[in-house]
Amino acid sequence: MTNLLVWPVLLSLAAALGTLIAPSNAARIATVAAALSLWSVLLLLSAVIAEGPQWLILGGWPQGLGIALHADPLSALFLLMSAAVCLAATIFARRYVEHSRYRSQFWPLWLLLQTAIYALLLAADLFNIYVTLELLGLSAVTLSALGGSRAAVQAAVNYLILGLLGSLLFLAGIALIYGRYASLDLQLLARVVEPGPSLWVAMALMTAGLVLKSALFPLHFWLPAVHANAPAPVSAVLSALVVKVAFYLIMRLWLDLFNPAVMSTAADLFGVFGALAIVWGSWQAMFTARLKLLAAYSSIAQLGYLFLFLSLVLVMPEGEDRQLLLGALVLFALSHGFAKSALFLAAGTVQQYAGHDRIAELRGVAGQLPLTFFSLGLAGVALIGLPPSGSFLAKWQLLSTTLLAGQWYWVAVVVVGSLMACVYMFRVLSVAFGEEGVATQRIHSRREELPTLALAVTATLILGLGGVWVWRVLDVGAAGGLG
Amino acid sequence: MSAIEILPLIALTLVILALCVGLWPAVRGPTLADRMLSVQLLGTAGVAVLMLLAGISDSEALIDVALVLALLAVVAVAALTREGSKHG
Amino acid sequence: MSSTPLLYGLCAVALFAIGLLGAFLHSGLLTRLLAVNVSGSGVLLLFVVLAYQGAGQRPDPVPHALVLTGLVVAVSATALALMLGRWLQRPEQEPEPETEQDQE
Amino acid sequence: MMDSWLFDVVDALLALTAVVLAAMSVLGSDQKRSIVLFIAFGLLLSLIWARLQAPDLALAEAAIGAGLTGALLLSALPYSTAEKGACRQQRAWADIAFNRALRGLAATLIAGVAIAMIWALDDGRLQSVPFTVSEQVFGHLPHSGVGNPVTAVLLNFRAYDTLLELAVLLCVALGILALGQPSVPVVAPGPVLVLLVGILVPLLVLMAGYLLWVGAHAPGGAFQGGAVLAAAGVLLLLSGHRDAWLPGPRLLAAALGAGLFLFIGAGAAMTLSGAVFLEYPEGWAGAIILLIEAMALLSIAVTLVLAYLGGPPAPSPSPPARHTDVEGH
Amino acid sequence: MVELLAGVLMLSGAVMFLVGSIGLLRLPDIYCRLHALTKVDNLGLGLIVAGLVLRHSDPRLAIKMILVWILLLASSAAIAHLIARQALRRESE
C-alpha cells in the first residue's frame with residue numbers, strides 16, 4: 001500500500017484547480033505539475049521494478065469495497081510515456097496558447113485531460129474505468145473544440161456522440177459482469193470469471209466500446225477530423241495518448257480479465273482489422289493534402305499495428321515467446337507515442353509559421369525551421385520503423401515471430417505498411433527541403449522547437465538504443481499480472 | 001390478504017392506468033399546449049403514484065421524491081411555455 | 001418469485017437497443033443526443049434491476065450509487081453537446097473565433 | 001400484499017409505457033414532440049426507480065431527468081429546426097440503396113445485441129461468488145460516518161469515483177465558459193410566472209438544503225440537492241434574471257472548483273499522518289462528508305445553471321424589471 | 001373502519017384521475033380540457049392524500065403529504081395559466 005499511486009492523478013487535478021483560480025500563472029503551474037507528475041511516475045516505476053506490482057485501495061477499505069489502484073510494469077511504462085509526452089506538450093503549449101482567447105479555460109482542461117489519462121492507466125476497478133473514460137472523453141472533446149474553427153467544433157460534436165456511445169457499450173458490459181459476479185474489482189474478478197454467456201457478451205460489448213474509442217478500422221471515421229482540427233498540442237496528446245489509452249484498456253482486459261474466454265477467432269479479428277487499418281490509413285496518408293491530416297491517418301495505421309501485435313500475443317501460449325512479443329508491442333506503442341506527438345507538434349509549428357499546413361505549399365520551409373524538420377525527420381524514422389528507432393526493434397520482433405509461425409501474410413502487411421509509411425514521410429520531407437523559400441512571417445523562437453526535438457529523439461534514439469530495457473522491465477512483472 | 005388492504009393497490013393501478021392514457025395527447029399533439037397538458041397530468045399523476053407507493057411500502061423517502069417532483073415538474077412546463085413561445 | 005426484475009430487465013434491454021438504433025438512424029445532433037440518453041437510461045435501469053432483491057428485501061446500494069454517478073455524467077455530457085450544437089448554429093458573420101493561424 | 005398480481009400489472013404498464021415513449025421519442029422525426037416525450041420518459045423513469053426501491057435515484061431523476069434535462073433540451077430547440085433542412089440533400093439512387101442496406105444491417109446487429117444481452121442476463125448471479133460488495137457495504141456502514149448506504153458508497157467507499165465525477169462536471173463547465181454564449185430570452189415573463197418563481201425559488205433552496213442534510217441517513221444528498229438548487233437557478237433565468245445570481249468570473253471559478261478542492265484537501269490531509277488517500281479520521285467522517293457534500297452541491301448547481309444559461313453569465317446583469325414592460329402585447 | 005374509509009378515499013381519487021385523463025382525450029378544445037384536468041387532478045390528489053393521512057397517523061408524514069398537495073395546487077394553477085397563455089398566443093398569431 002503506497003499513496004505514490006495517486007500522486008500523478010492528484011497532482012494534475014490539484015494543478016487544474018490551481019490554474020482555475022489563478023489563471024495568470026496557469027502556464028507555470030501546469031508546467032510544474034507536469035514535471036512533478038513525471039517525477040512521481042518515475043518514482044512509481046522504480047518502485048514497481050524494485051518491489052513488483054503496486055496496489056492501493058483508496059480510503060483504507062477492504063478490497064472489493066474500496067476502489068483499487070494498480071501499477072504493474074505494463075501500466076508503469078505507459079504512464080512514463082504519458083507523463084513525458086504531457087510534459088513536452090505542456091512546454092510547447094505555453095507559447096502556443098499564449099494569446100489564445102480560450103487560455104483561461106485551456107489550462108484547467110489540459111490538466112483534467114492528464115488527470116484522466118493517469119487515472120485510467122492506474123485504475124483497477126471496472127466502474128472507475130468507466131468514470132475515467134468519460135472524463136477522458138469529455139475533456140478531449142472540449143479541448144479539441146477549442147481549435148475554434150467550425151470544422152473543429154463539428155468534429156468535436158461527432159467525437160462526443162461516438163465517445164458517449166462507446167462508454168455506454170462499456171457500461172453495459174460492466175452491468176452484465178456485475179450481475180453475474182457481484183464485484184467491480186479487477187483482481188477479484190480475474191479470480192472468479194469463467195467462460196459463459198455473461199462473460200462473452202460483456203467482452204463483446206466492452207471491446208466494441210473501446211474499439212470505437214481507439215479508432216480501429218472501420219470505426220476510425222471520426223478520428224481524422226478531430227485530430228486534424230484540434231490545437232496542435234491537443235492533437236499531439238490525443239493521437240499519442242488518448243487513443244492509445246483505450247487500446248491499453250483492451251489489452252489489459254483481454255490479457256487479464258477475459259483471458260479464460262479468449263477465442264482465437266476473436267483474436268484473429270483484431271489482426272484482420274488491424275491489417276486493414278494499416279493499409280487503409282497509410283493509403284490515405286499518402287494522398288492527403290494537409291500535414292496534420294497526414295499525421296492523423298498515420299495514427300490509424302499505427303494503431304492497426306498495435307492491434308495486429310495484440311492478436312498475435314493473445315493466441316500465443318504463455319511463455320518466453322509471448323513475453324518477447326508483448327515487449328515488442330509495448331515498445332512499439334511507446335515509440336509511436338513519442339514519434340506521433342513529435343510529428344503533431346512539428347506540424348503545429350509549421351502551421352503557425354507558414355500560416356497553413358498544406359503539404360504542397362510547404363516548399364522550402366525546412367530551410368527556415370531546420371530544427372522542426374529535423375525532428376519531423378526523426379519522428380518519420382520511428383513511424384516508418386527504420387533503425388535505430390524503437391519501432392524498428394518491435395517490428396523486427398513481429399516479423400521474426402510471424403515468419404517462424406509461417407504466417408507470411410502478416411509479414412506482407414507489415415512490409416507494405418512500412419513502405420507506404422516511407423512514401424508519406426518522404427513526400428513531406430522532399431517538399432519541405434525543396435529549393436524555393438517562402439516569405440518569413442515572423443521571427444521564430446528556437447526554444448519552442450525543443451520539446452518536439454526531445455520527443456523525436458526519445459522515439460528514435462532512446463527507445464531504439466534502450467529497447468532492451470523495456471523488455472527487462474516487463475519481465476519483472478511477467479509472473480504478476482492481475483491474477 | 002384482506003380486501004381493505006388491497007384498496008390502495010387498486011388505486012395505484014388505476015392512477016397508473018390514467019397516467020398511461022393521459023400520455024396519448026403528448027404523442028398525438030397536435031399543438032404544443034396539448035402536449036404540455038399531458039406532461040402536466042403526468043406530473044400530477046406521478047406525484048399521486050409516488051404518494052401511494054409511499055403509503056403501500058411505508059417509505060417516507062418517496063414522499064420527498066413526490067415533493068421534488070411537484071416542485072420540478074413546474075420547471076419543465078415553464079420551460080416549455082417559454083421556449084415554445086420563441087417560435088410562436 | 002415476482003416477475004418484476006424480468007419485466008424491467010426486458011425493458012432495460014429494449015431501451016438500450018432503441019437508443020442504439022436511434023443513434024444510428026438519425027443524423028441530427030438533438031435526436032442523436034436523445035437516443036444516446038435513452039440508451040444510457042436502459043443501461044442504468046439494468047443496474048437498478050440487478051440491485052433489486054425482491055419486495056421487502058433491501059436492495060444492493062452499490063449499483064444505486066453507480067447509477068447516480070451515471071446520471072450526473074449523462075446530464076453533463078448532454079449539456080456539453082447542446083452547447084457545442086448551439087455554437088455550430090451561430091450565424092457565421094461573427095469574427096471566426098480562432099483558427100490556428102491567428103494564434104501567433 | 002407485496003406480491004399481489006396487481007403489482008405485475010403496475011410493472012407491466014410502467015415498463016411498456018417507458019419503452020413506447022422512448023421509441024416514439026427516439027424514432028420520430030418531429031423534434032419538439034421528441035423532446036416532450038423525452039421529458040415524459042424521464043418522469044416515468046423516476047416512478048420506475050421508486051418502484052424498484054431506489055428512492056435516491058428517484059429523487060435524482062425527478063430533479064435531473066424530469067426537470068433539468070427537459071429544460072436543457074428545450075433551450076436548444078431554436079437551432080435544431082434549422083438543422084433539419086441541412087440533412088435533406090439530394091442523394092443518388094445507389095447511395096440510398098447502400099444506406100438502406102446499412103440500416104437494415106445495423107438494425108439486425110442491434111437486435112442481435114439485445115438478444116445476446118438477454119441470454120447473458122439469463123445466466124443470473126453466480127452462486128459460488130465468495131464475496132459480494134453489498135454485504136461489505138452493510139458490514140462497514142457503521143464506520144462510514146453516514147447511515148444512508150448509497151451516500152456511504154458515493155462519498156466514502158467509492159469516493160474516488162465521485163471525485164472524478166466532479167472533475168467531469170468541471171470539465172463541462174469550462175467548456176461552456178470557453179465556447180458558450182448565453183442565450184437571451186425573447187419573450188418577457190408574465191406576472192404569474194414571476195409570482196410563481198418568487199414562491200418556488202425559496203422553496204427550492206430550502207428543499208436543496210433539506211436534501212443535503214437528510215442525505216446522511218435517508219435518501220438524498222449532494223447531487224439531488226444540487227439539481228434542485230440548479231432548478232431554482234433555471235427558474236430565475238426563465239423569469240428574466242439574466243445571470244441567475246451567478247457571481248463574477250473569479251467567484252464563479254471558485255464555486256466550480258469548491259467541491260473538488262475540499263474533496264482533495266480532505267482526502268489528502270490524512271495522508272500526512274500515514275493514512276491512505278481518502279481515508280477519513282475516525283469519528284470525523286460524518287462531518288467531513290457533509291462539508292464535502294455542501295461544496296459539491298454548490299459546484300453541481302452552478303455547473304447545471306451554467307449549462308442551461310449556455311455560456312458565461314453576462315457581465316452587466318440587467319434587472320428583471322426591464323423585461324416586464326415589453327409584455328404589453 | 002378507518003382503513004376502509006381510507007381505501008375508499010384513495011380509490012375515488014384514482015377514479016378522478018382516470019376521469020381526468022379520459023377528459024383530456026374527449027373534451028373538444030384546449031380550454032375545456034385545461035379546466036377539467038386541473039380541477040379533477042387536484043381533487044383526485046386531494047382524495048388520495050386524505051386517504052393516506054387517515055391511514056398513517058404520524059403527524060409529520062401527514063404534514064408533508066398535505067404540503068405536497070398544497071404545492072401542487074398552487075403550481076398547477078400557475079401552470080394552467082401558463083399553458084392557457086401559450087395557447088392564446090398561438091391562436092392570436
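How many disulfides does a search of the whole structure find over all chains? The count comes to zero, a disulfide being a pair of cysteine sulfur atoms within 2.5 Å. A:Cys86, for one, is in no disulfide, and the nearest cysteine sulfur, that of D:Cys171, sits 15 Å away. A:Cys86 counts as buried because its relative accessibility is 0%, whereas E:Cys32 counts as partly exposed at 34%. Here, buried means under 20% relative accessible area, exposed means over 50%, and partly exposed is in between (1.4 Å probe, protein chains only).

This is a predicted model, in which local features need pLDDT of at least 70 and side-chain atom pairs count only at pLDDT 80 or more, while totals for chains, interfaces and linings use all residues. Residues are numbered from 1 along each chain as its sequence is written, chains are lettered from A and ligands numbered from 1 in the order in which they are written, and side-chain values use heavy atoms, with hydrogens and water left out.

On to how the chains meet. Six pairs of chains touch, and the pair with the most contacts is C and D; contact means heavy atoms within 4.5 Å. Chain E does not touch chain A, their nearest C-alpha atoms being 33 Å apart. Chains C and E do not touch either, with 19 Å between their nearest C-alpha atoms.

Inside, the largest nonpolar core has 464 residues. Such a core is a set of buried Ala, Val, Leu, Ile, Met, Phe, Trp, Tyr and Cys residues joined through side-chain atoms within 4.5 Å. The residues with the most contacts inside this core are A:Leu126, A:Ile177, B:Leu12, C:Leu84 and D:Tyr160. Helix H6 of chain A (residues 150-181) supplies the largest share of the core, 21 residues; helices (H or I, at least four residues) and strands (E, at least two) are DSSP runs, numbered from the N terminus. Leaving aside residues up to four places away in sequence, C:Leu84 touches A:Val141, A:Ala145, A:Val153, A:Ala156, A:Val157, A:Leu160 and D:Leu179.

A:Trp7, A:Val32, A:Leu36, A:Trp39, A:Leu42 and A:Leu43 form a nonpolar patch with about 560 Å² of accessible area together. Patches are made of residues with over 30% relative accessible area and no salt bridge, like charges being joined within 9 Å and nonpolar side chains (Val, Leu, Ile, Met, Phe, Trp, Tyr) within 5 Å. Areas come from the Shrake-Rupley method with a 1.4 Å probe, and for residues only the protein chains shown count as cover. Helix H2 of chain A (residues 26-51) gives the largest share of the patch, five residues. A:Leu43 lies in helix H2 of chain A and, at 30% relative accessibility, counts as partly exposed.

As for charges, 15 salt bridges turn up over all chains, each a side-chain nitrogen of Lys or Arg within 4 Å of a carboxyl oxygen of Asp or Glu. A:Arg252 and A:Asp256 are joined by one of them (3.2 Å, N to O). These two residues are separated by about one helical turn because they are four residues apart in helix H10 (residues 232-257) of chain A. Both A:Arg252 and A:Asp256 are buried. By contrast, the bridge between A:Arg358 and A:Glu361, with closest N and O atoms 3.1 Å apart, pairs a partly exposed arginine at 40% with a partly exposed glutamate at 41%. Another salt bridge links A:Arg95 and A:Glu98 (3.6 Å, N to O). Finally, B:Glu60, B:Asp64, E:Arg60 and E:Lys64 are linked in a network of salt bridges.
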